[in-house]
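Thanks for coming, everyone. Please have a look at the structure on the screen.

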Amino acid sequence: MARRRQKLSPELEKNIALAKKQVELITAIIHDINEEDIQEEYKSAFLPVMSSYMSLDQLYKEIGFNEDTKNLYNDYLSNLDKFKNEYEI
């Protein structure tokens, strides 16, 4: 049985690539924090951002563009904004 062709979105692909770079940058900044207690606090606070990005990336690769990937991207943005507002990076 032939596999159904995915619906792709160049705009969302670009946004996912930018999200990946942003997650990598913030993760590197967090790993550069010298004080372990503060580093662990930042890691815990950043976990929802990383989790929503990873879910988005995986779902987009498996399914393509749909309402779920669009909602996951919005969740990622919301989690990122919340993190940036609560923690100084």
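Predicted model: local features only at pLDDT ≥ 70, side-chain atom pairs only at ≥ 80, totals over all residues.

Start with helix H1, residues 10–31, and helix H3, residues 67–86. Their axes come within 12 Å. They cross at roughly 30°. Angles under 35 degrees count as roughly parallel, so H1 is roughly parallel to H3. The crossing is left-handed.

Who makes that contact? On the H1 side, the residues include Leu-12, Ala-19, Val-23 and Ile-26. On the H3 side, they include Tyr-73, Tyr-76, Leu-80 and Phe-83. By class, the H1 and H3 contact has nine nonpolar, three polar and one charged residues.

Now H2 against H3. Here the axes are 9 Å apart, and the angle is about 160°. Over 145 degrees counts as roughly antiparallel, so H2 is roughly antiparallel to H3. H2 also passes H3 in a left-handed crossing.

From H2, the contact residues include Tyr-42, Phe-46, Val-49 and Leu-56. From H3, Leu-72, Tyr-76 and Phe-83 are among them. The classes here are 14 nonpolar, four polar and two charged residues.

Next, the core. Which residues of the largest nonpolar core touch the most other members? Phe-46, Tyr-76 and Phe-83 do, out of 18 residues. H1, H2 (36–62) and H3 each supply at least two residues of this core.

Last, zoom in on Phe-46. Leaving out residues up to four places away in sequence, Phe-46 touches Val-23, Ile-26, Thr-27, Ile-30 and Phe-83.

That's it from me. Over to you.

Technical notes: Residues numbered from 1 in each chain as written. Heavy atoms only, no water. Axes fitted to C-alpha atoms, helices over the stretch in contact; angles between N-to-C directions. Helix = DSSP H or I, 4+ residues; strand = E, 2+ residues; numbered from the N terminus. Parallel < 35°, antiparallel > 145°, perpendicular 65-115°, else oblique. Left-handed = near helix turned anticlockwise from the far one by under 90°. Contact = heavy atoms within 4.5 Å. Nonpolar A, V, L, I, M, F, W, Y, C, P; charged D, E, K, R; others polar. Core = buried A, V, L, I, M, F, W, Y, C linked by side-chain atoms within 4.5 Å. Buried < 20%, exposed > 50% of the residue type's maximum accessible area, 1.4 Å probe, protein only.
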